[in-house]
Amino acid sequence: MSEPTEVESAFWRQPLPNLFHALHTSPRGLTTEEAASRLASFGLNALRPALRGTLLRLFLSRFRNPLVIILLVASAISAVTGDRASFLIISAMVLMSVALDTMQEYRAGQAAERLKRSVAVRATVLRDGRPRDIPIFEVVPGDAVLLTAGDSVPADGRVIEAWDFFVNQALLTGEPYPVEKHAIELSGEADLDTADNAAFMGTSIISGKATILVCRTGLGTALGEIADSLASKPPPTSFERGTRQFGLLIMRLTVFLALFALLVNTAFHRPLLESFLFAVALAVGLTPELLPMIVSVTLARGAIRMARKKVIVKRLASVQNLGSMDVLCTDKTGTLTEAHIRLERHVDPMGRESEGVLELAYLNSHFETGLKSPLDDAILAHQEINVSAWRKIDEAPFDFERRRVSVLVEKNDSRLLVVKGAPEDVLRLAVAYEADGVQTPFDAPARSRAGALCDELGQKGFRVLGIAWRRVPLDHPHAVVGDETELVFAGFAAFLDPPKETAARAVGDLAKSGVAVKIVTGDNDLVTRHVCAQIGLPVSKVLTGAEIQKMDDFALQALVEEANLFCRVTPAQKNRVILALKARRHVVGFLGDGINDAPSLHSADVGISVDGAVDVAKDAADMILLERDLDVLYEGIREGRRTFGNVLKYIMMGTSSNFGNMFSMAGATLIIPFLPMLPVQILLNNFLYDLSEVPIPLDNVDESYLSHPHEWDMAFIRNFMMVIGPISSLFDFLTFYVMLHVFHAGEEMFHTGWFIESIATQVLVIFVIRTRFNPLTSRPHPLLAGTSLAVVAVAALLPLTPIGATLGFVALPLDFFAILMAMVVVYLIAVEVVKRWFYRRLAARRF
């Protein structure tokens, strides 16, 4: 079979048989072989072409670094001038550093991508005539896709079949209300806004179900045409901004010290090439070139560890955001409660059990085509109700503004509109009530009794729905929102959802770890208060949706701090609550799984959904919980903090001994008649130092560090550098004095001693600064300890080898070596003493 021809952009204007012919397909979809061929021809169904993150591409990208280019140019100059040893050694150092960086980041990226794909949104297509779930990016033109409430439309297509099929396409048209789609033919005048026979990529299904024929995928879709504006990079997080600020700070110091060293060496008439190579090597030693790799690998390792805790990370930056989170907004159903909802009572307005209320509720839930809620499932569990004699005519689907759903049904010579929804809204629309088969006007006393009955049920922990009905003429054709008037109130359906056994402990753990739990729910405050009392969550203040509606943003910001229950809120009000908390400088997480939770998931610093959520919510979320349990989330928060702690260790190393040593090396050019270290020795020093830091992402973190949130704090890093950095420089200059005036070291002996002392202080200080407590009682990861000690051993033994001699090293006298090691020990003790003083001052808020 030949490949399908190009389908014009306005495919909704073409007759459906013509589309089947042009796409060489049928309502039964494609075969597996046809789909594979088309995937190869059309490419992945994605808004951006897939970037092939091959190892070679990643490796070559490292050579865009200006310092790497300068080093390679310098090595080439060495080769031209006859210094082949420098050429070989510099080239080898550069290639090894680049290879190390590339391999670590590539492996981390591959692991993170595998985790992300494990929770990728999927589509149900007909392949070989049978439904099959596939990743959305494998959908191809000619596929027949089955859609139902809660799904995202995976591509642009024509509606083949539809049943009460309502779609929210605000993303494309700006229209906030759901649009009903039909399997019809349209005139040639129809455009995208009025294409009622087409569904478009990125829109979401509110209710009903349908089968669509895929006509366009990827960049060929309507969404693809505006993909550049939609796919703009999200604003950087505080963590991303902080690492960038740190990098810029070090780069400024690097340029200053490198130019200073070059000017001094030139002024002292030292060899120009050697001075240039020294300045470049100094810049390399100062530059935090491993920072991107350390961040990527640490975040990826955090994501892998979180996956073991049943939290799948879709966006790596959210790992650190989760660790910084200090407010979690969540619904109670399924998070604090079991989500095993049971219909316990069905009562008339007098509070008596009523089979009529149950039958009406069952009719509504049975014929409703929107996304079934747990309440619907609890109603439909009463299978003793027989609705076979009833026939559905139409439906007014549920939306979060009305908070109700209506179905129009017919039986024999009777046609009823059956309404189910939030009790206060149903009571407001009722003009009569029915008890014992008798209709009575719904006057003020009756309304008061019904309201009191609803409150009584809520206080006992029941979640309540109002049930009402209205008889309409037999020729009444459709159910529309305007029909929901002059209703007859039938009674209440009351549900129980017991708290989870783990909820009280999880909420307590979150509180102890500095995360405030705020309940944001569509349920009323009586039911929510009852659940909070059962799990031991104190209620500080309650805000209702009606109260929020009357507030401007500034008033809401003033109250969100104190309130921890937000009841009867709409999706738009949920989003306002989250934005108000962010405006108060909180790092906010939002846990949601519904169709209309996507805006809140986007607005939160950390959008969290669950594996069983609708596609729209999963697609918007930053991470997915494989179990809807706060215990799982608590473990994820701890992993986020561990990840942030390990990244901070690398930065603190860069701001202490590493920076101090390079500063000392630049300063030494003023007082020493030769280069303090040869360029190739600086590069080797930098490579060994980088090698010792590779296992940092695996390291353990103190339990006290995991006990509260952490945000990026540039002032803390700057203060740490200003306090600890000078200690390193002070000991460096003391070492210079001992080597020059005690041991009268010549050039080669000075280079050797300084190389060993520099490596030892830079690497071993990690054991001091990796914990705020006694380094002898805080155990590092075995691989970090082993690698660090091995690097120091290599540096100490290298001068004894032929390779060391080639690099310009000489064997040191034993007493000289012993003095150097003693000075290293004294340096580590001094750093530990100053570190403890620094943290005491920090705790006292004196910095």
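In the predicted model, helix H18 spans residues 525–535, and Val 527, Thr 528, Val 531, Cys 532 and Ile 535 in this helix are buried, that is, under 20% relative accessible area, with exposed meaning over 50% and partly exposed in between (1.4 Å probe, protein chains only). Helices (H or I, at least four residues) and strands (E, at least two) are DSSP runs, numbered from the N terminus. Viewed down the axis of H18, the buried residues fall within an arc of 135 degrees, so they line one face of the helix; the arc is that of the directions from the helix axis to the C-beta atoms. An α-helix has 3.6 residues a turn, so residues three or four places apart point the same way. The buried residues of H18 pack against helix H16 (444–459), strand E16 (463–472), helix H17 (503–512), strand E18 (516–520) and strand E20 (565–567), where contact means heavy atoms within 4.5 Å. At the N-terminal end, H18 is capped by Asn 524, with a side-chain oxygen 3.0 Å from the backbone nitrogen of Leu 526. Just after H18, Gly 536 takes a positive phi of about 75 degrees.

The model also contains an open sheet of 8 strands with mixed pairing, in the order E8-E23-E22-E21-E9-E18-E20-E19; two strands pair if DSSP finds at least two bridges between them. Strand E8 (311–313) and strand E19 (542–544) are the edge strands, each pairing on one side only. E8 pairs with strand E23 (residues 623–625) in the antiparallel sense over 3 bridges, and Val 311 has Leu 625 in E23 as its bridge partner.

Helix H27 (residues 747–764) packs with helix H29 (residues 782–797) at an angle of about 175 degrees, with their axes 9 Å apart. This makes H27 roughly antiparallel to H29, a term for angles over 145 degrees. Axes are lines fitted to C-alpha atoms, for helices over the stretch in contact, and angles run from 0 to 180 degrees between N-to-C directions. Among the residues making the contact are Phe 755 and Ile 756 of H27 and Leu 789 and Val 792 of H29.

Most residues other than glycine have a negative phi. Phi of Glu 486 is near 50 degrees, a positive value; Glu 486 lies in the loop between E16 and strand E17 (487–496) and is exposed at 54% relative accessibility.

Residues are numbered from 1 along each chain as its sequence is written. In this predicted model, local features need pLDDT of at least 70, side-chain atom pairs count only at pLDDT 80 or more, and totals for chains, interfaces and linings use all residues, while side-chain values use heavy atoms, with hydrogens and water left out.

Key:
Polar contact = N/O pair within 3.5 Å; in protein donor to acceptor, adjacent residues only side chain to side chain. Parallel < 35°, antiparallel > 145°, perpendicular 65-115°, else oblique.
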